[in-house]
Amino acid sequence: MTERRKKRLWLLAAFCVPAGLYLIVMIAARVTPFGGGSLLLWDASEQYAPFLAFWRGVLTGQNDLLYSLSRGAGYSTAGLIGYYLADPLNLLLLLFPADKIPLAFSALILVHIGLCGLTFFIFLRKVYDCGWAGLLFSTSYAL
């Protein structure tokens, strides 16, 4: 096996191991799409889900990027975008219908966990040149 192929396999494992473990937890806990449970708890259900729905509307051209009339006389969305919605992964919302925000939220969390594992593994690999230990620590960090 070439060195380049080994490197790619390590990177793939660094993404897939934490994401796969979290997926197993989602299945066991019967969280969307594997059951009736949801990750939308507390602020996520009252704030984040409506923000994601609004952002999906912006991305599809149904909502205005700079101003929203959804509350009272309206409000500027600059703070909302800067604090909650500027994550480029939120473009994944376009893959889901508007009524599937809980499913989109679950998918976003899963991708974020995988990317946390991947980026921390890359850091550990560059600084400490580690293999299995790096995978273990990056998975622990991601979860």
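This is a predicted model: local features need pLDDT of at least 70, side-chain atom pairs count only at pLDDT 80 or more; totals for chains, interfaces and linings use all residues.
The protein chain has a mean pLDDT of 87, with 95% of its residues at 70 or more. Among its elements, helix α5 (residues 132–142) has the highest mean pLDDT, 97, while strand β2 (residues 75–76) has the lowest, 69.

Arg4, Arg5, Lys7, Arg8 and Lys126 together make up a positive patch. Helix α1 (residues 3–28) supplies the largest share of that patch, four residues. Arg4 sits in helix α1, and it counts as exposed because its relative accessibility is 61%, with the cut-off for exposed being over 50%.

For a contrast, find Ala104 in helix α4 (residues 101–128). Ala104 has a relative accessible area of 1%, so it is buried.

Most residues other than glycine have a negative phi, and most peptide bonds are trans. In the loop between α1 and α2 you'll find Arg30, which has a positive phi near 55 degrees without being a glycine. Arg30 is also exposed, with a relative accessible area of 58%. Pro33 lies in the loop between α1 and α2 too, and a cis peptide bond links Thr32 to Pro33, with omega about 10 degrees.

Last stop: the loop between α4 and α5, where Asp129 lies. Asp129 isn't a glycine either, yet its phi is positive, at about 50 degrees. With 62% relative accessibility, Asp129 counts as exposed.

Conventions:
Residues are numbered from 1 along each chain as its sequence is written. Side-chain values use heavy atoms; hydrogens and water are left out. Patches are made of residues with over 30% relative accessible area and no salt bridge: like charges are joined within 9 Å, nonpolar side chains (Val, Leu, Ile, Met, Phe, Trp, Tyr) within 5 Å. Accessible areas come from the Shrake-Rupley method with a 1.4 Å probe; for residues, only the protein chains shown count as cover. A salt bridge is a side-chain nitrogen of Lys or Arg within 4 Å of a carboxyl oxygen of Asp or Glu. Lys and Arg count as positive and Asp and Glu as negative; His and the chain ends are not counted. The place of a charge is taken as NZ of Lys, CZ of Arg, CG of Asp or CD of Glu. Helices (H or I, at least four residues) and strands (E, at least two) are DSSP runs, numbered from the N terminus. Buried means under 20% relative accessible area, exposed over 50%, partly exposed in between (1.4 Å probe, protein chains only). pLDDT is the predictor's confidence in each residue, from 0 to 100.
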